[in-house]
Amino acid sequence: MRITRSFEFHIGSKEEKLSYFAPNFPYIASRAELDYYNDSFVPWHWHKAVELFYMESDELKYYTPNRIMVFPAGSGGMINSNVLHMTKIQTRNEKNIQLLHIFEPDLIAGKCGSLIEQKYITPIITASQLEMIALYPNNPTQADILHLIQQTFQLSENEFGYELNIRESLSQIWIQLLKLCYPTLQEKSGSANKTTDKIKRMMIYIHEHYTEKISISKLAATAFLSERECYRVFHNYLHMTPLEYIKNYRLQIACQMLADGHESVTEIGHTCGLGNASYFGKIFREHTGYTPLEYRRKWQNNNKK
């Protein structure tokens, strides 16, 4: 199992970069030690892979465009393919450990267009109303699925037949999830997919142009929206204004540069579109509780451990 203490995105996107994915076996078992992340949250992102998880300790809050759920230790769930989501740890008083199976649906679907894909996989991954499935141990049916998820993490990569055993276990979990969410699949999906596609388009524009001055009119135009509609979409789906998202993204980049590099505070402020050292220092402290230099010392010292 891979130990994860940070996250990485594709350049100019907020699609998570799953660099450990093998093209011929698109699957990762990950133990996310969330206390080592530079921030107490993983920002809005998406990936084609399905995210199946179990909370080993403490609790984590998940956000999707239409849902907010808290997962304490012993609970778990699934984030559907290509769904926008973010997470926040609730406290740093305890160890925050999350176990994850991350896999592309074709791992269990097999050949493109197969009966398995059409009958069992496509109904879930194309259901825009099914952003997230929550599983809690006080529900007997959900508890059984959680037990299956837990057991699968115990499979050893060194055992003969590991890949077949993983695929078989994930298939068993999938069929139970399909049964569980069948009533939801009967609901009409509406236009959620089109809206989230527009959000992703605007997010990518911000990620490609964050060093520049970004006008809301130009941002809205990338998704063929009016300025008013742009504000509405950000508020309804990401729970913030476009300007707040732009500032937060710039601060996330600044955090990465401070933790990983040696550029001056002045240089980072200008590179991230956050102005001179004085203004950058002010808003950075409001965002993190640290000055830029305090933040750099904290995380660069932490990375040496």
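Tutor: Start with a definition: contact means heavy atoms within 4.5 Å. Keep in mind that this is a predicted model.

Student: Which residues does Met 55 touch by that rule, not counting residues up to four places away in sequence?

Tutor: Met 55 touches Leu 60, Phe 71, Pro 72, Ala 73, Gly 74, Ser 75, Ile 97 and Gln 98. Met 55 itself sits in strand E4, residues 50–57.

Student: What makes Met 55 buried or exposed?

Tutor: Buried means under 20% relative accessible area. Met 55 has 0%, so it counts as buried.

Student: How far is the C-alpha atom of Met 55 from that of Thr 241?

Tutor: The two C-alpha atoms are separated by 31 Å. Along the chain, Met 55 and Thr 241 are 186 residues apart.

Student: Where is Gln 98 found, and is it buried or exposed?

Tutor: Gln 98 is found in strand E9, residues 97–103. Its relative accessibility is 4%, so Gln 98 counts as buried.

Student: What makes the pairing of Gln 98 and Tyr 62 a polar contact?

Tutor: The cut-off is 3.5 Å between N or O atoms, with one able to donate a hydrogen and the other to accept it. The side chains of Gln 98 and Tyr 62 are joined at 2.8 Å. Beyond four places in sequence, Gln 98 is also in contact with other residues, including Ser 30, Arg 31, Phe 53 and Met 55.

Student: In what order do the strands of the open sheet run?

Tutor: The order is E3-E8-E5-E6, with antiparallel pairing. Strand E3 (41–45) and strand E6 (67–71) are the edge strands, as each pairs on one side only. From one strand to the next, the twist averages 15 degrees.

Student: How do you know that E5 and E6 pair?

Tutor: Pairing needs at least two bridges. Strand E5, residues 60–64, is joined to E6 by 5 bridges, and the two run antiparallel.

Student: Why are helices H9 and H11 called roughly perpendicular?

Tutor: Angles of 65 to 115 degrees count as roughly perpendicular. The axes of H9 (residues 242–260) and H11 (residues 277–288) cross at roughly 95 degrees and come within 11 Å. H9 and H11 are therefore roughly perpendicular to each other. On the H9 side, the contact is made by Asn 248, Leu 251, Ala 254, Cys 255 and Leu 258. H11 supplies Phe 280, Ile 283, Phe 284, His 287 and Thr 288.

Student: What stands out about phi of Phe 224?

Tutor: Most residues other than glycine have a negative phi. Phi of Phe 224 is near 60 degrees, a positive value. Phe 224 lies in the loop between helix H7 (216–222) and helix H8 (227–238). Exposed means over 50%. At 70%, Phe 224 therefore counts as exposed.

Student: Why is His 239 called partly exposed?

Tutor: His 239 has 39% relative accessibility, so partly exposed is the label. His 239 lies in the loop between H8 and H9. Its phi is positive too, at about 60 degrees, although His 239 is not a glycine.

Student: How many disulfides does a search of the whole structure find?

Tutor: The search finds 0 disulfides. The test is a pair of cysteine sulfur atoms within 2.5 Å. As for burial, Cys 181 is buried at 4% relative accessible area. Cys 230 is buried at 0%.

Conventions
Residues are numbered from 1 along each chain as its sequence is written. This is a predicted model: local features need pLDDT of at least 70, side-chain atom pairs count only at pLDDT 80 or more; totals for chains, interfaces and linings use all residues. Side-chain values use heavy atoms; hydrogens and water are left out. Helices (H or I, at least four residues) and strands (E, at least two) are DSSP runs, numbered from the N terminus. Axes are lines fitted to C-alpha atoms, for helices over the stretch in contact, and angles run from 0 to 180 degrees between N-to-C directions. Buried means under 20% relative accessible area, exposed over 50%, partly exposed in between (1.4 Å probe, protein chains only). Angles under 35 degrees count as roughly parallel, over 145 as roughly antiparallel, 65 to 115 as roughly perpendicular and the rest as oblique.
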